[in-house]
Amino acid sequence: MKNTLLTVLLLMGLLLGWELFSFFNRDYIFVLPAPSQVLIRLWQKADRFWFHTSVTLKEMMCGFALAISVAFPLAWVMDRFLMARSLLQPFFIVIQCIPMFTLAPIMIVWFGWSFTAIVIPTALMIFFPLTITIYQGLRSVPKELQEYFLFNQATAWQLFYKLKLPWALPHLFSGFRLAAALAGVAAVAGEWAGGQSGLGVLMVESRRDTDLETNFAALLCLTLISYTLYWITLYGERLVLERRPLKVLVRKWLHSRVVWSLICFVTLGSAVLGCQRKTDQVRLVLDWLPNPNHIPLYVGIHKGFFQDEGIDLSIQKLQEPCHATSYLLLDQCELAVAYMPHTIRAFQKSGQIEPIGILIQEPLNAFIFREGEGIEEPKDLNGKHFGFCTGGKEAVFLNALLKSNRLISKEQVNVACDPVTALATKKVDVLYGAYWNIETEHMRSLGLPTRFFKLSQFGIPTYYELIILAKKQTPYVEEVFVRKFKKALQKSIDYSRVHPDEAFALYTLYQPDKSDKTRTWEQAAWMQTLPVLADQQTLSQEVWQTFEAWMKAHHLL
């Protein structure tokens, strides 16, 4: 009781110190929200947190069940056969050395945008410690007891379930505790790669919106369910090992072949059902997380403009930008929203993609910087700290721009997908790769006024920022489908332009996790986006060829 009281007092003191620190250090709002605000957000959006928590919990439990259904047989095989032990142990070590979040995108390629693609990495992450602890438990049986069973002509099965398995129960529960602690981390890693819902997705989306209250609340939910599963496992261990009647009951349950058959059946059934989808559905993968640039797509779905043309369109979101074309080429979607510069590079490599529509007709990329930094014209960027978004391709593009305009950067930093925090905390002076219609309004909502230079001020010819791609030699590049899709897309854009407030309201229906603050600045960003929406769906060959020639002239192809 005394230890519990001390723990509670320590936790309360930590939270109080955190609250006071946040109150007196407003500059840290970008990295550390006050705990009171986190709890308020948790209360305000309780239904959404419950939904995402239930999704992640389901993934954790199914991954746990899959890992158990594989770990038990393999541990028995390793214990029974020396050759299997020699072959499998190095294999397990190799699997454990591979970061599971790197396998998650591969699972999307293999299993598509499905529940299975998240469950398998979850199972793989907890599979190794679970298998090893079960194996160690089976091997810990004293040699004398084994010889006694063999002397009384016990079969291999009797030796396993009457001696080795009961003896291994402490090791078994040790593996369960470890798996319960790791399952949440594994499930979130899978969601970051290709999930459409769950606590991991909520963390990524809220971080992009600088909604750290939601981000920390999601982290709190993940911690609570992992902690709860850990203590359920620990309490179950005490009940089984300290109470003899219950121990006998659990042994019988563990020995039941029907139970293990049922676990395997449910696990495999969930995997099969998780991979299924409607065969007539047209999956469109966004270039990144949903934002005001995508509003016409949601409007077209909600108003039935695509359905009127016989197109059952569904939207898949990405947690990392620039990968939509890869999923398209690997047949994990039928259509993809992509950036024209990246599309030209991909077209040169494979030639298997074809643009079938235009969403944003002008460049949105820009050089964004804080007001009051003495930057009045492009030449003032000389000697500044530059941050670029998304990866190496943007760095190459940035270097080409600087070189062609005789500018030199003092330092270049990859800010990944969090440009707002990098500029707000003054880690960089200038951002490249952020959108002038999105990030400027986002930073203004945070009390950080910014200015920007459009790419046209650096001598870059105009291009289409966002286009819709389809894979060649598929029904989605045939004239009939393309004509219907263009008609529905342009109708969606025109409706959104005429009814901007209604269009934004329809978009928010599909984004229930966004906070009121995020919706406010996104609405302002939407008003900035309206003028650059596509006026028509005929892609200009002159625009394409002029920009491609510019890329070749600057060695970007």
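Here are a few friendly notes on some helices and one glutamate in this model.

1. Before you start: this is a predicted model, in which local features need pLDDT of at least 70 and side-chain atom pairs count only at pLDDT 80 or more, while totals for chains, interfaces and linings use all residues. Residues are numbered from 1 along each chain as its sequence is written, and side-chain values use heavy atoms, leaving out hydrogens and water.

2. Take a look at helix α21, residues 479-498. Helices here are DSSP runs of H or I with at least four residues, numbered from the N terminus. With 20 residues, α21 reaches 28 Å from its first C-alpha to its last, close to the 28 Å expected at 1.5 Å a residue; that expectation is 1.5 Å times one less than the number of residues. Its buried residues include F481, F485, L489 and I493, where buried means under 20% relative accessible area with a 1.4 Å probe, counting protein chains only.

3. Next, find E441 in helix α20 (residues 439-445). Is E441 buried or exposed (over 50% relative accessible area)? E441 is buried, with a relative accessible area of 10%.

4. Which residues does E441 touch, leaving aside neighbours within four places in sequence? The contacts (heavy atoms within 4.5 Å) are with W521, A524, A525 and Q528. A524 is 83 residues away along the chain, yet the C-alpha atoms of E441 and A524 are separated by 6.6 Å.

Key
Helices (H or I, at least four residues) and strands (E, at least two) are DSSP runs, numbered from the N terminus.
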